[in-house]
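Here are my notes on the two ligand sites. Please keep the structure open while you read.

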Amino acid sequence: MPSRASDSMRAQPVYFHHKQLDLSRVKKLPDSHAWTTAPPKDDYPRGELLNVETVPVVDLADKNAQDLLGHACRTWGVFQVKNHGISKNLLDEIESAGKGLFSLPMHQKLKAARSPEGVSGYGVARISSFFPKLMWSEGFTIVGSPLEHARQLWPHDYHKFCNVMKEYEKEMKKLAGKLMWLILGSLGVTEEEVKWASPKGAFEGGNAAIQLNSYPACPEPDRAMGLAAHTDSTILTILHQNNTSGLQVLRDGGAGWVTVPPLPGALVVNIGDLLHILSNGLYPSVLHRAVVNRTRHRFSVAYLYGPPSGVTISPLQKLVDQGRPPLYRPVTWTEYLGTKAKHFDKALSLVRVCAPLNGFGDANDHQSVTVG
Ligand SMILES: C=C1C[C@]23C[C@H]1CC[C@H]2[C@@]12CCC[C@@](C)(C(=O)O1)[C@H]2[C@@H]3C(=O)O
Ligand SMILES: O=C(O)CCC(=O)C(=O)O
Ligand SMILES: [Fe+2]
């Protein structure tokens with residue numbers, strides 16, 4: 001992906017006209033970060049208190065894992081996985097590598113700042129340009145090798161960070177391939193039907209980005225937004241969150257914003273827009289956001305998994321027939337990232353080809369949702 005994903009970003013440079021604030025030193029919420037549509041106070045515990053709906057947890061060692069994943073994808077678009085094969089040690093290591101990065105002095109972090117045309121590096125969330133207010137977070141994106149940026153951050157000691165990222169990428173790639181295959185299996189799709197995703201090929205060509213997210217403790221969490229509501233432009237995203245909650249998913253027609261609680265050792269998986277397209281809307285991408293906390297610093301790592309560059313993603317043949325026409329036109333990841341960078345939450349509907357037929361609509365039309 002390196003060159004290609006960066007190409008799609010280059011077409012949509014993001015310029016920031018503000019100085020990057022050192023959030024961990026701010027004692028009062030500045031107007032630049034005060035959201036009028038911030039998470040309402042009682043939104044947060046609602047799902048937990050009523051306890052009506054909780055995000056599914058799937059044990060990958062369960063012999064019914066495939067069906068359970070299929071059900072979770074159809075009904076939630078997000079689930080947590082246990083027995084995923086990623087060692088606690090690696091999760092601890094990436095957490096401390098990320099915390100080390102974000103605790104560097106601001107002038108040092110800015111040496112690895114993401115350029116307006118770039119995709120990799122330190123900065124505010126890419127989607128910031130779509131919102132009038134700034135988010136209470138900072139991020140570091142890695143596409144390809146982090147070597148150049150790591151050298152700028154730690155001129156004498158960059159190997160450790162690079163090695164951890166490399167190992168994380170390798171392990172996550174295996175897990176993403178496994179999940180992808182189970183999910184395709186749950187749709188009744190076989191290896192021959194999705195050549196690029198063949199388990200024999202071990203998803204060799206699969207592409208990914210790693211996104212480290214830091215959400216410092218916030219003096220007024222009820223008026224701030226960690227990461228505004230969005231869907232990921234991925235096939236799927238695997239998220240490790242530290243022991244502090246903040247991730248919420250939107251439950252259409254139900255509990256509203258539901259918190260995905262950190263479960264020790266579990267990883268969160270959410271469906272992205274490309275699986276939404278592949279499954280012809282059967283497995284909808286999920287709208288999610290991150291809220292912040294008054295006392296605790298929250299940290300997360302997202303592994304954003306996509307198809308190899310050059311592969312066109314379109315609704316799988318098996319899921320299309322006369323009664324279920326293809327709802328989306330073919331797109332490459334690069335093209336979709338470019339559309340997202342330009343049109344944000346309109347991207348999915350922009351690649352849609354025809355109006356929904358009765359009952360076979362887009363189960364997740366986010367257009368009507370306020371994302372700010
Ligand atoms: C491979 C990807 C996916 C990107 C763009 C590019 C690198 C960074 C990813 C994120 C990570 C944070 C949320 C998001 C919405 C953002 O602002 O940057 C993501 C975006 C997307 O899923 O569209
Ligand atoms: O920090 C989180 O919980 C969410 C992060 C996220 O949505 C992303 O990086 O795409
Ligand atoms: Fe996300």
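1. Start with the backbone of Arg126. One of its polar backbone atoms is 3.3 Å from an oxygen atom of ligand 1. Ile127 also uses its backbone: an N or O atom there lies 3.3 Å from a ligand 1 oxygen. Keep in mind that this is a predicted model.

2. Ser233 works through its side chain. A polar atom of that side chain lies 2.5 Å from an oxygen atom of ligand 1. On its own, ligand 1 has 450 Å² of accessible area, and the protein covers 95% of it.

3. Now look at the whole shell. Ligand 1 is surrounded by 14 residues, and Arg126, Ile127, His230, Asp232 and Ser233 are the closest. By class, seven are nonpolar, four polar and three charged. Helix α9 (333–343) and strand β5 (207–215) each give at least two residues. The largest share is three residues, from α9.

4. Turn to ligand 2. Which side chain has an N or O atom 2.6 Å from an oxygen atom of ligand 2? That is Tyr215. Asn213 places a polar side-chain atom 3.0 Å from a ligand 2 oxygen. For His230, the value is 3.2 Å, again from a polar side-chain atom to an oxygen of ligand 2.

5. Finally, the cavity. The space taken by ligand 1 is the largest cavity.

Technical notes. Residues numbered from 1 in each chain as written. Chains lettered and ligands numbered in written order. Predicted model: local features only at pLDDT ≥ 70, side-chain atom pairs only at ≥ 80, totals over all residues. Heavy atoms only, no water. Near = heavy atom within 4 Å. Polar contact = N/O pair within 3.5 Å; in protein donor to acceptor, adjacent residues only side chain to side chain. Areas by Shrake-Rupley, 256 points an atom, 1.4 Å probe, with all protein chains shown as cover. 1 Å grid on protein atoms, 1.4 Å probe; cavity = no way out; pocket = protein on both sides within 12 Å on 5 of 7 lines; lining within 4 Å. Sits in = over half its atoms within 2 Å of the grid points. Helix = DSSP H or I, 4+ residues; strand = E, 2+ residues; numbered from the N terminus. Nonpolar A, V, L, I, M, F, W, Y, C, P; charged D, E, K, R; others polar.
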